[in-house]
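The following exercises concern a single protein structure. Each task is followed by a solution in steps.

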Amino acid sequence: MYAPVQDYALYRALSGRPDLGAKVLELRSDVETYLGRVSATFAHYTSHAVDHSDQIVREISALVYRDAFDPETACVELTPIEAYLLLLAAYLHDTGMVVTDQEKIAALSTAAWERFALDHSDTADLVTNDAPLNNAQEQFVRGLEQQWAIAEFFRRQHTERAAVAINSALNVDRFLAGDHAAVRSLVAICVGHGLSPQALQSDTEYPTRRDHFGQAVDVRLLTILLRLGDLLDMRNARACPLLRSSVSPLPRSSEVHWTQYNRIHDRMTSPDKIRVGALCETADEHRLLLDWCTWLANEVNGAQRLMSQEPRHRSWVPPEASVGPEGSIRIERAPGATYRVEDWKFHFDEAAVVTRLVADVHGSGPGFMRELMQNALDASRVMMYLTESQTETYANEVPAAIREKFPLSIEIETERLDDHDVVRSISISDHGTGMTPDIIKNYFLQIGRSWYGSSSFVGRFPFTPTSRFGVGFLSVFGVSDDVTVVTRWHEDPPESALSLRLAGPRGYLVIEESHRAIAGTTVRVDLREPRSLRWMLEQIEEMCTAVEFPIKIEVDGTAQVISQAAFEPTSEPLPLSDDFECRTRRIDVTGDGAFGYFELLTVARSGVEDWTLSRSSYEREILAVDPLADLPRPGVSKVAINGLASNTRGNSSRESMWRHVLDLRTLDAAARGGLDRLGQPQLPGPVLEKIASALDRHLESHGPDIDYLAGLVEKFNGLCPAWARTRPYIQTESGALASVEELLETERLLVPHRYTSSATRRRPIRDDEAAVSAWSQGRPDLPCITLSAKRLVCEGHLRLLTRGRWLTVAELETDLLVFEIATDEYWRGPSVQRPVFDDQSDIVAVKLSYREIALNADHPLVREIDRLAAGHAPAKDRLLEGLHPGNITHWREYAALLGGVASVVGSNLLAEYARLMAKGPEFSNLSLSVLRLPRD
């Protein structure tokens, strides 16, 4: 049983200030209730309740005092206010783990959650047995896994969220007499427990001396002690077996966190040594404990380096903490454990890694200019917000008169070579914040570390920086071996500027004192190989047209200025007759960090626009009215990230009818943007919502035209799938209209599908309806899609309806099929047979989409291919894939492949089908979507 926290030295250091001691206990009482709600979100986590905070107080007392109960035995001098702030931080640092259901619901609608869910789809991997789950169990498990994923999403933000809780929900001002400076220090200590050690080097956020209430406060030391106390809580009670049984099942990643503490058999914390002994039974326990204790040892050893220049505490010697057989921390294998421990590690060739980053990632193209421009723009934005007291979230919304105070300059020096002007050097200058020696050393020269990820930036400025990863500057070494950087911090005088000369990412650095009249940074790059001046200017102008600051380009003393370009005006309608004209419909999609528009080519008949046309139909209709008309084109799609164009290209799809022009100003918006491999725009969610709203408004002008709605769904399904899934365009036999979302909820469904061929192209639809109606009479309870609409189900939706479901394919007439689609749960019924194609059907495969097919498993060819031995698995896969009706049009190649496999495996049946197919297309009644071969 532990003694109460009031008995420990850290608390008793307040004995001369009983008022502070009373406040600590009052806060502890408040926090005990507040932290009790952590388990609502983090039930699968070991304890983060008030007992964890109590243990941190005990561990810090044992770390700082030779007698953990006697404040007179301090090894590190702490003022009463320092002890008080450290106690408050111990109880407040995890308050960011309290998450309300309202916050969770709101988070699920954000692009940040979508990106997290996509990148961390394996975050919650259920620990369960291998027994099959029924549908209800599976839904419950998926719900659990989503809860665990949401917990991980908020855990990654919990340090920043603690700052919000301190400043709002917990009203901590009352414990610090409303002193905002003291609250800021407390917030920094709490947030600092989750930052990288490098972030603690900031003299702005983590100074070694501040004065609060007339006493010295070392914010950096207090943060270090909180971090160590947090890591040192390795109590068995933190993973209570009774509590563990109440939260079963657990994600696999959490299971070992609960068992690791039970393997610790030796623990001690003192000012001289931290001792840990553990005997692990599984490799996962060993790995996790070893990683945890290595982290602890690194924190302890790094603490002395962080405090070495601090005047008050430079003499502090942290305790010994070393991991290994001879160290104070020993993680060993338990007797009888079946795993082995080897000290094998990946080792990196520093020169090779840097070379890869420079040459392979950035190359020798125009990317270096983009990286330098990004750095200059971000520094200018910081300076603008610092000096002009702007509150706009997006820098491009700051008034132009203010933005013009922060121009960028690009100076280009050329020479004449082979009758062409070529660039020998380029310099990019900004009016930004500049850099201090500390920033140069700890961020600018550190690969993979960015100042924009430090506490000096995070939370202080409203805009999202483009420079986040700390590797972009390396790009200059893909084009140069001579780079000069001149910088002056905005708070320093002109004569304090620094000049750095770099000969490569691994070369020596030469630093000289310099002079710069205006704060900011200039980077001069002497090119290894000359570049065309015309090419260079085109790259700069194309890249910078959405930048919010003026850009002055000077070529050998001749200057020009690029200002932020307004969006291009939309083209005027092109009348081709009295009631027919071509139009370009522009949809404004500005909002939620995105700026710009979406444009669509349309035609208007008697003033009513048609948005459903394909490119070929569009051109055909125009040329039918005016054979000499200039055919409009959709133009070039452009995507800029924070003003710099990152994607400028024509739509790659020949059939494209649209384009988008966007400037994305947040990470959420920039997470998606551009064109996919088929030329379809990949746009942020809020942009798609605005396009969807425009589609709904457009539909109102057409009235209740179901055929038109069906065409619109098919046209925009790839662009706005969420909108398309919820539109009721599918007519059922009962006369009701249904969306594909509604049809997905049905247990069984009949879907007629006509695969048009020359024999059936002119067949009246009513004849098809009669055939389907007669066939479905024995299935009166099944919803059936009618054939009365010109368009039935778009290809993408047919794939949705059939994915993960069983199919029965019935052939009523030539190329008239009916899919009977049912859920997996339905086909598990005791009286239901596994579905197949109709008996004796000569259909081999039916195309469901451009990627998916339904194979007739009962067809002799499919059965024979499926029986290929394991040694011929690659051939088997190729043969099955080749049966896609879209692929089988290359029938000669497939016949040759089939014959080759037949000779290898000795299959007479495959050889016979190969000979049949080699005769040519007449071997079967082949339409574009159905493959037939005789069964005999």
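**Exercise 1.** How many disulfides does the count come to?

*Solution.* The model is predicted. The criterion to apply is a pair of cysteine sulfur atoms within 2.5 Å. Take C280: its closest cysteine sulfur belongs to C293 and lies 8.9 Å away, so this pair is too far apart for a bond. By this rule, the count comes to 0 disulfides.

**Exercise 2.** Determine whether C280 and C582 are buried or exposed.

*Solution.* A residue is buried when its relative accessible area is under 20%. C280 has a relative accessible area of 0% and is therefore buried. C582 has 3% relative accessibility, so C582 counts as buried.

**Exercise 3.** Describe how strand 12 and strand 13 are joined.

*Solution.* Begin with the two segments: strand 12 covers residues 551-555 and strand 13 covers residues 558-562. They run antiparallel, and 5 bridges join them. Within this pairing, I553 of strand 12 faces Q560 in strand 13. Next, consider the connection: the two strands form a hairpin with 2 residues between them. In the turn, D556 has a positive phi of about 50 degrees.

**Exercise 4.** Which residues touch the most other members of the largest nonpolar core?

*Solution.* The core contains 96 residues, and those touching the most other members are L10, L92, L186 and L296. Helix 4 (residues 80-92) supplies the largest share of this core, with 11 residues. Turning to L186, and leaving out residues up to four places away in sequence, its contacts are L85, L88, A89, L92, V172 and L176. A second, separate core comprises 59 residues, among them F406, Y443, V479 and V523.

Methods:
Residues numbered from 1 in each chain as written. Predicted model: local features only at pLDDT ≥ 70, side-chain atom pairs only at ≥ 80, totals over all residues. Heavy atoms only, no water. Buried < 20%, exposed > 50% of the residue type's maximum accessible area, 1.4 Å probe, protein only. Pairing = 2+ DSSP bridges. Helix = DSSP H or I, 4+ residues; strand = E, 2+ residues; numbered from the N terminus. Core = buried A, V, L, I, M, F, W, Y, C linked by side-chain atoms within 4.5 Å. Contact = heavy atoms within 4.5 Å.
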